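Subject: Structure for your review

Dear colleague,

Please find below the structure that I am handing over to you.

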Amino acid sequence: MNGLREIWSSRFIHYVTELQKYLKYVFTGHLAIVLMFTIGAGGYAYSEWLKEVPADFPAVLITSIVIAAVLAYSPAVTLLKPADMVFFLPFEEKMGHYIGRALRWTTFSQLALPLILYIVALPLLSATETGSKVILLWLAVFIVVIKWIFVETEYFFRHTFSGGGIWKDRLIRFVLAALYIYCWLGPSPVVAVGFLALISLYGAYWRKRKSAKPFPYEHFIELEQNRMMRFYRFANYFTDVPHLQGSVSRRGWLGFLMGRPQFHNPAPQFYLLVRTFIRTDDIFWLWVRLTALSIVGVVLIPFPIVSFIYVGALAFASAVQLIHALRAGDDFRMDRLFPEKEDSRPSAIRKLVRLVQWIQIILVGLAAFITYGLSMTPLFIIAVMLIISEATIRLTQEKKE
């Protein structure tokens, strides 16, 4: 028992160290500026909108759905490794001590998001005169309790079926949590207590079912590996992750954008970089996501000044992350075997980033014209994105070879 606890403690320390190792590169000045402007723009738009929100706005329904969705997603952080499939077999009957610590950490680490969303929802609930202070205070307590129950329930369900049908389980827990929050904030807090009892009984049922099943090492090890791989892919946008093996897709439908290779002047570098951008999943989908977020922001944000700040921040994030991503892996490249000038690759990177940023600006500009019509606002949005993108490309320091 003590051995399992020591193993968990040592792995937890290594896990925290690994997070700190890469997060210090993630939360640098670049991302801090983007977050500052994005949060500031969102907060300003939200506060302005609250001044005009109608009293019959479905604040309770929206709050219930959003918070319940976050609560229902509760995968366990077990920190298991492939070798545990063999070395932990003699301790299978005592795995509860190891898993108990894992579930406590999972609950603690996943509590921040639902509580933050609840704090964000409080001004909306207050603006629509929903619930008393006592009701709202107790709901925060119940969110913590429900999260703890849901973390255990999802673990029990995964244990029972080796991860199969997990979305059915999440759907049931989502409905129960949404009904509880809706009734608690509505006129039926007594009914809400009944849904809370159902949540507890549902978790107890799967606790009993899992006791007859052996521990599914393969499933939880795969779940842990996929979770860490998502973190490494995210960190790889900001710094090199040595042991990350990025996925590549051919994306033949975009083949016409690459054209034919022309091995003269700086054309080979640009051709190789276009192929890298189109076929590397992490880089390509990073740009697609940021472009989509910019379009959604222009369409949904009702205040032009907030739209300027929002699209400017995302244009900066898109340009700077593309530059760093395309510079990654410079230790050895096949193009070094060709008689190309040393400065051909940096200029080709700037050319490609400038091109894809222009495509992003055109797409966001079209969305702005559709939203605002023929006015100065779309032109200002295009100008802001153009200026920030070009400034980022020019001012980002070159990586030393």
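Is aspartate 169 buried or exposed, and at what relative accessibility? The model is a predicted one, and in it aspartate 169 has a relative accessibility of 0%, so this residue counts as buried. Aspartate 169 sits in helix H8. Apart from neighbours within four places in sequence, aspartate 169 is in contact with Thr153, Glu154, Phe157 and Tyr202.

Salt bridges

Aspartate 169 also belongs to a network of salt bridges that links Glu154, Arg158, Asp169, Arg170 and Arg173. Two of the pairs in question involve glutamate 154. With arginine 158, glutamate 154 forms a salt bridge at 3.1 Å, N to O. These two residues both lie in helix H7, 4 residues apart, which is about one turn of the helix, and both are buried. Glutamate 154 also meets the side chain of arginine 173 in a salt bridge, at 2.9 Å from N to O. Because arginine 173 lies in helix H8 and glutamate 154 in helix H7, this pair ties together parts that are 19 residues apart in sequence. Arginine 173, like glutamate 154, is buried.

The count of salt bridges comes to 10. Another of them joins glutamate 48 to lysine 51, with the closest N and O atoms 3.2 Å apart. Lysine 51 has 63% relative accessibility and therefore counts as exposed.

The chain as a whole

The secondary structure comprises 15 helices and 0 strands. Of the 401 residues in the chain, 44% are buried. The accessible surface comes to about 21,800 Å², and 69% of it belongs to carbon and sulfur atoms. Among contacts with a separation of 6 or more, 80% are between residues 24 or more positions apart.

Nonpolar cores

The largest nonpolar core has 62 residues, and those with the most contacts inside it are Tyr98, Leu139, Tyr180, Trp184, Leu185 and Phe215. Helices that each supply at least two residues of this core include H1 (2-26), H3 (59-72), H5 (95-110) and H6 (112-127), together with H7 (133-161), H8 (166-185), H9 (189-210) and H10 (217-235). The largest share, 12 residues, comes from H7.

Phenylalanine 215 is in contact with Leu80, Glu92, Met95, Ile99, Tyr155, His159 and Phe220, leaving aside its neighbours within four places in sequence. A second, separate core has 19 residues, among them Phe277, Ile283, Trp287 and Leu326.

Proline 189 is placed in helix H9 and has a relative accessible area of 27%, so this residue is partly exposed. Not counting residues up to four places away in sequence, proline 189 touches Cys183 and Trp184. Proline 189 and isoleucine 135 are 54 residues apart in sequence, and their C-alpha atoms are 8.8 Å apart in space.

Aromatic pairs

The whole structure holds 24 aromatic pairs. In one of these, the ring centres of tryptophan 8 and phenylalanine 12 are 6.1 Å apart and the planes are at 25 degrees, so the pair is stacked. Tryptophan 8 and phenylalanine 12 are 4 residues apart in helix H1, which means that about one helical turn separates them. Tryptophan 8 counts as buried because its relative accessibility is 5%, whereas phenylalanine 12 is partly exposed at 25%.

A further pair, phenylalanine 308 with phenylalanine 380, is tilted, at 6.0 Å centre to centre and 55 degrees between the planes. This pair links distant parts of the chain, 72 residues apart: phenylalanine 308 lies in helix H13 (residues 304-327) and phenylalanine 380 in helix H15 (residues 376-395). Phenylalanine 308 is buried, with a relative accessible area of 18%, while phenylalanine 380 is partly exposed at 44%.

Tryptophan 8 and phenylalanine 12 also belong to one aromatic cluster, which is formed by Trp8, Phe12, Tyr15, Phe88, Tyr98, Trp105 and Phe108.

Surface patch

On the surface, Leu355, Trp358, Ile359, Ile362, Leu363 and Leu366 form a nonpolar patch with about 540 Å² of accessible area together. Isoleucine 359 is located in helix H14 (residues 344-372). With 38% relative accessibility, isoleucine 359 counts as partly exposed.

Yours sincerely,

A colleague

Definitions and conventions: Residues numbered from 1 in each chain as written. Predicted model: local features only at pLDDT ≥ 70, side-chain atom pairs only at ≥ 80, totals over all residues. Heavy atoms only, no water. Patch = residues over 30% accessible without salt bridge, like charges linked within 9 Å, V, L, I, M, F, W, Y side chains within 5 Å. Areas by Shrake-Rupley, 256 points an atom, 1.4 Å probe, with all protein chains shown as cover. Salt bridge = Lys/Arg side-chain N within 4 Å of Asp/Glu carboxyl O. Buried < 20%, exposed > 50% of the residue type's maximum accessible area, 1.4 Å probe, protein only. Core = buried A, V, L, I, M, F, W, Y, C linked by side-chain atoms within 4.5 Å. Contact = heavy atoms within 4.5 Å. Phe/Tyr/Trp six-rings, centres within 6.5 Å; stacked < 30°, edge-to-face > 60°.
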